[in-house]
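Subject: Structure handover

Hello,

Here is the structure for you to look through. My notes follow below it.

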Amino acid sequence: SSWAYLFEHPGADPERDRMVLDGPGTRAIVVAVPGVSEAGAVAADLAAREGIGLVELCGGFSSADVARVAEAVGPDVAVGHVTFPVESLGVAARYAASFAAGPA
């Protein structure tokens, strides 16, 4: 079985910026997408070309982003979403704010 993990990295090229891990009976594909708006198309392409059965999305994706990816891949591909435990929400929020502000 094959699955993919998508994360946002501005300026990424999903065709080039990826890592493939092959193991006994499984293939994992880690892919950087330039923005959350491109994630649905990338995930749908992975489903069509690589036959992935699961897409896992980085915690930086919103619930609405997750819903858009799920719609793009259709009902035969599961979509998961990394979440943060309550005790790390403040740190995650600070990271997100610094990420949005751009490089220092």
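Is Arg-16 buried or exposed? Arg-16 is exposed, because its relative accessible area is 56%. The cut-offs are these: buried is under 20% relative accessible area, exposed is over 50%, and partly exposed is in between (1.4 Å probe, protein chains only).

Two points on the source. This is a predicted model, where local features need pLDDT of at least 70, side-chain atom pairs count only at pLDDT 80 or more, and totals for chains, interfaces and linings use all residues. Residues are numbered from 1 along each chain as its sequence is written, and side-chain values use heavy atoms, with hydrogens and water left out.

Salt bridges

A salt bridge here is a side-chain nitrogen of Lys or Arg within 4 Å of a carboxyl oxygen of Asp or Glu. The count comes to 7 salt bridges. Arg-16 forms one with Asp-17, with the closest N and O atoms 2.9 Å apart. Asp-17 is partly exposed, at 26% relative accessibility.

Asp-22 and Arg-27 also meet in a salt bridge, 2.7 Å from N to O. Asp-22 counts as exposed because its relative accessibility is 56%. Arg-27 counts as partly exposed, at 26%.

Next, look at Asp-65 and Arg-68. Their side chains form a salt bridge of 2.5 Å, N to O. Both lie in helix α2, 3 residues apart, about one turn of the helix. Asp-65 is buried, at 7% relative accessibility. Arg-68 is partly exposed, at 49%. Salt bridges that share partners also join Glu-15, Arg-18, Asp-45 and Arg-49 into one network.

Arg-49 sits in helix α1. Helices (H or I, at least four residues) and strands (E, at least two) are DSSP runs, numbered from the N terminus. Leaving out residues up to four places away in sequence, Arg-49 touches Glu-15 and Arg-18. Contact means heavy atoms within 4.5 Å.

Strands

Strands count as paired if DSSP finds at least two bridges between them. β1 and β3 pair in the parallel sense, over 7 bridges. In that pairing, Phe-7 stands opposite Ala-32 in β3. β2 (residues 18-23) pairs with β3 in the antiparallel sense, over 6 bridges. There, Val-20 stands opposite Ile-29. The hairpin of β2 and β3 has 2 residues between the strands, and Gly-25 takes a positive phi near 75° in this hairpin.

Ser-2 is in strand β1. Ser-2 is buried, with a relative accessible area of 15%. Beyond four places in sequence, the contacts of Ser-2 include Arg-27, Glu-50 and Ile-52.

Core

A nonpolar core is a set of buried Ala, Val, Leu, Ile, Met, Phe, Trp, Tyr and Cys residues joined through side-chain atoms within 4.5 Å. The largest one has 18 residues. Leu-6, Val-31, Val-33, Leu-46, Ile-52, Val-55 and Leu-57 touch the most other members. At least two residues each come from β1 (2-8), β3 (26-33), α1 (36-50), β4 (54-57) and α2 (63-73). α1 gives the largest share, 5 residues. Leaving out residues up to four places away in sequence, Leu-57 touches residues including Tyr-5, Leu-6, Val-66 and Val-69.

Last item

Leu-89 is found in helix α3 (residues 89-101). Leu-89 is partly exposed, with a relative accessible area of 44%.

Regards
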